[in-house]
Amino acid sequence: MFLKQAVSTLLLSAAILANAQADVKVGVITSSTGPLALVGLPQKNSTPLLPTQAGDQKVTYIPLDDGSDPTATVKALKKLISEENVDAIIGPSGSPNAMGVIQFVAEAGVPLLAPVGTAAVVLPMNEQKKWVFKTTQNDDLIAKALVDDMTARGVKTLGFIGTADPYGENWSKVLVALAAEHGIKLVASERFQRQDTSVTGQSLKVLASRPDAVLVAAPGSAAVLPQTTLFDQGYRGQMYQTHGAALPDFLKLGGKKVEGTILAASLMLVLDEIPDSHPSKQVAGEYVAAYEKLNGSKPATFGANTYDAGLLLQKAIPLAAAKAAPGTPEFRAALRDALESSHELPATQGVYNMTPEDHSGFDERGRELIQVKNGTWTLLSRN
């Protein structure tokens, strides 16, 4: 009897140990094809660079492409949850895509690390959004730097062109409040679809309002068209862009028509000008070098947002594994709690300090004021 009990105990202990050492499975959803490809492709290309070890836990990644289609995003996410039993998901690439899956990750209790622009995925915080963590700077952090610059330049009237989706809408909401606080009058506010091939009507309305400056709020290649259209129509006021324009193709597609543009974005764009004392410089430099070695080109900051999600998970997984075994609801809940407690974690985009109220976690170390000069990014000023 004693021997039988001892054997049973040993078998049970072995089973628990084997389960505890099971791989942590992470799904990665990107829009590496379709209209969002300029955002999603560097994210897909960054997936092989994600950390495969977190403490004693091996981490495996399951990449899927949603083709930029929000419906396909939902399908991919459900597949990862129901068929792959993933412990966390990185993605998707687009703000509308991310907004459409919040309900499902909350119902399944699976943490989502969303490398998207709109702060609406984490704000206002509620029972569903507490499962979402955002690896890009919130709109208000970026907007404050831009509006401060406008104020310093004496801008009194402002035109706005944004995408007709959560990204553009949240930017409009944030901008209206900040501009009013600084005595800047919003004289035109227009919307367009990301896939539009013409914004002539919208830009003519903005031009007719004769603003001192114009802000374009659009992610990826969509950021280029409103600005080049305004340039072709003769507008020569100061142009501003959000961090959604922080990719090499903005410079390539815009050419001389985007010269002088001001944006607030990641230090990664101007890494050589950032002092070595910045806590994120080394991490960003290592990522850029690894990406270039693997892909033969410089990464857009969108790829770095996915890489940062991996760094957050690498820090949080050992904490969760101390409480429960990977592959279980208890582990995923512990992983969510560990992500929420991320403190002073330097990554490529800045330093993360998550709280129950703030699932983005950036401060001023997560942005730089940058201007396009001679066809390249140039540090305009330190925060």
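Helices (H or I, at least four residues) and strands (E, at least two) are DSSP runs, numbered from the N terminus. The model is a predicted one, in which local features need pLDDT of at least 70 and side-chain atom pairs count only at pLDDT 80 or more, while totals for chains, interfaces and linings use all residues. Residues are numbered from 1 along each chain as its sequence is written, and side-chain values use heavy atoms, with hydrogens and water left out.

Spanning residues 224–232, H9 has Val 224, Pro 226, Gln 227, Thr 228, Thr 229 and Leu 230 as its buried residues (under 20% relative accessible area, 1.4 Å probe, protein chains only). These buried residues pack against strands E7 (157–163), E8 (185–192), E9 (213–217) and E10 (238–241), and against helices H8 (200–208) and H10 (248–254). After H9 comes Gly 234, with a positive phi near 100 degrees.

A pocket is, on a 1 Å grid over the protein atoms alone, an open set of points with protein on both sides within 12 Å along at least five of seven lines; lining residues have an atom within 4 Å of a point. The largest pocket has a volume of about 330 Å³, the space filled by probe spheres set on the points, which are joined across faces, edges and corners. Its lining comprises 13 residues, with Met 268, Leu 269, Val 270, Lys 298 and Trp 377 closest to the centre.

Methods:
Buried < 20%, exposed > 50% of the residue type's maximum accessible area, 1.4 Å probe, protein only. Contact = heavy atoms within 4.5 Å. 1 Å grid on protein atoms, 1.4 Å probe; cavity = no way out; pocket = protein on both sides within 12 Å on 5 of 7 lines; lining within 4 Å.
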